[in-house]
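User: I'd like to talk through the charged contacts in this one. Can you take me through them?

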Amino acid sequence: MAGVGTIEGMLRRIPLFSGLTDEELTPLALRCRRRVFPPREALFHEGDAGETLYLILSGHVNIQRATPEGGSVHVAWRGPGDHFGELSLFDDLPRSADAITDTTSDLLMLDRRELLYFLETHPQVSWEIIRTLSARLREASDRMVTSETRDVLARLAACLLESAEAATPDTRGHISLNSLSDGRLAVRIGATRETVNRRLARLKQMGILRRDGSTLVVLSKDRLRQLC
């Protein structure tokens, strides 16, 4: 059996490949490259050629697009078990967004040629990719509706809740969110940094959130969910 410390074991933790046997995982593992990236590292930019599929073992990556005014629009936030960068591998077009690490991120990388060769002999993985892309289309549609109908406080609560759901609570049920500065939150929800700062202050006044140095601590996921 493939151990959890091997590349095969790591691939098994990614839903895309979780249904493969050890014999199927081994040749795939040999084709993967592994690298740890620091926070705020650009993995690729909009317009770059797309030659690599990224698989997240740990950490988080922001997918965002630049605006003509020099700002950025948040597209998606990917965490452990997620993959990204597949669109350009299949449509042969340049990258449609930037991918920037949000935290220290341990990634597996699979080159386009190796992935397409593997998919030819493992059609079940192709179906998983199709299901993932369908889910992301729905996600993009939901995000557009959210952006149009929710106010800043609700969008901020939803963003914090998404991060909290991916973290582990302490014995009191509190959840520490590192590396979530006001500026990063502003990019993710499409608001100004000053507006985010005021809404965070309101959440603190409501007893939903507190600051511990540069760390945001969620005191109640349920109350965040209600604000969403």
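What follows is a short chat about salt bridges in this predicted model.

User: How many salt bridges does a search of the whole structure find?
Analyst: A pair gets in when a Lys or Arg side-chain nitrogen sits within 4 Å of an Asp or Glu carboxyl oxygen. Run over the whole structure, the search comes back with twelve.

User: Which residue forms a salt bridge with D106?
Analyst: D106 is in strand 8 (residues 105-111), and its partner is in strand 1 (residues 33-37), 72 residues apart. The closest N and O atoms are 2.5 Å apart, and the partner is R34.

User: Is D106 buried or exposed?
Analyst: Buried means under 20% relative accessible area. D106 comes in at 10%, so D106 is buried.

User: What about R225 and E165, how many residues apart in sequence are the parts that they tie together?
Analyst: Their side chains meet in a salt bridge at 2.7 Å, N to O. R225 belongs to helix 9 (residues 221-227) and E165 to helix 6 (residues 152-165), so the parts tied together are separated in sequence by 60 residues.

User: Which residues are linked with E165 in a network of salt bridges?
Analyst: E165 is partly exposed at 43%, and R225 is partly exposed too, at 38%. The network links E165 with K221, D222 and R225.

User: For the D170 and R172 salt bridge, what is the relative accessible area of R172?
Analyst: These two side chains meet at 3.3 Å, N to O. D170 is partly exposed at 31%. Exposed means over 50%, and R172 counts as exposed because its relative accessible area is 55%.

Conventions:
Residues are numbered from 1 along each chain as its sequence is written. This is a predicted model: local features need pLDDT of at least 70, side-chain atom pairs count only at pLDDT 80 or more; totals for chains, interfaces and linings use all residues. Side-chain values use heavy atoms; hydrogens and water are left out. Helices (H or I, at least four residues) and strands (E, at least two) are DSSP runs, numbered from the N terminus. Buried means under 20% relative accessible area, exposed over 50%, partly exposed in between (1.4 Å probe, protein chains only).
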